[in-house]
Amino acid sequence: MTFGSLDGSELGDGVVATLLYFVVGIAVLGLGFLALDLLTPGNLRKQVYTDRKPNAAILLGANHLALAVIVTTSIMTSSDELLQGLVDSAVYGVLGVVLQAVALRVLDAFVPGHLRAIVDEERMSGAAWAVAASLFAIGVVNAAALS
């Protein structure tokens, strides 16, 4: 029975690449949070974690899921060369954040009562779920456009 060989340098390179792609992904998600915070009324972190406003949490969750799909796709479709792959992932991830922000602005223009009013509501709203589903769907389309 043979077990094959172990190449420690290849494993080490893979670990380093994993950590670097993780940092790029987290940075893009953080940027996505900041963009959503700018587009919603008040301090989003306070609304979600302190005031516990359900509609703010719904939109934040949907936006993060959409961006996770975008980041995952940008990493999977990036160059096999590490530096170029990291740059590809960062650029397409940031582009994804910008496109999600534009989509949110467009949704806000078409949502009766405006998004700001939905986020400020104390009770969970069906409108927040509809906007969240739209954000996620737009994120999936956004990710598909990266391939």
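Predicted model: local features only at pLDDT ≥ 70, side-chain atom pairs only at ≥ 80, totals over all residues.
**Exercise 1. Is aspartate 108 buried or exposed, and what is its relative accessible area?**

Residues are numbered from 1 along each chain as its sequence is written, and side-chain values use heavy atoms, with hydrogens and water left out.

*Solution.* Step 2: apply the cut-offs, by which buried means under 20% relative accessible area, exposed over 50%, and partly exposed in between, with a 1.4 Å probe and protein chains only. Step 3: with a relative accessible area of 11%, aspartate 108 is buried. Step 4: list its surroundings; not counting residues up to four places away in sequence, aspartate 108 touches His114, Leu115 and Arg116, where contact means heavy atoms within 4.5 Å. Step 5: the side chain of aspartate 108 reaches the backbone nitrogen of leucine 115 at 2.6 Å.

**Exercise 2. Determine how helices α1 and α4 are oriented, and classify the residues between them.**

*Solution.* Step 1: α1 (residues 8-39) and α4 (residues 82-110) pack at an angle of about 15°, with axes 10 Å apart; axes are lines fitted to C-alpha atoms over the stretch in contact, and angles run from 0 to 180 degrees between N-to-C directions. Step 2: angles under 35 degrees count as roughly parallel, over 145 as roughly antiparallel, 65 to 115 as roughly perpendicular and the rest as oblique. Step 3: α1 and α4 are therefore roughly parallel to each other. Step 4: by class, their contact has 16 nonpolar, four polar and one charged residues, with Ala, Val, Leu, Ile, Met, Phe, Trp, Tyr, Cys and Pro counted as nonpolar, Asp, Glu, Lys and Arg as charged, and the others, Gly among them, as polar.

**Exercise 3. Repeat the analysis for helices α3 and α4.**

*Solution.* Step 1: the axes of α3 (residues 54-76) and α4 come within 9 Å and cross at roughly 150°. Step 2: that makes α3 roughly antiparallel to α4. Step 3: the contact involves residues including Asn63, Ala66 and Ile70 of α3 and Ser89, Tyr92 and Gln100 of α4. Step 4: the residues of this contact divide into six nonpolar, six polar and no charged.

Conventions. Helix = DSSP H or I, 4+ residues; strand = E, 2+ residues; numbered from the N terminus. Polar contact = N/O pair within 3.5 Å; in protein donor to acceptor, adjacent residues only side chain to side chain.
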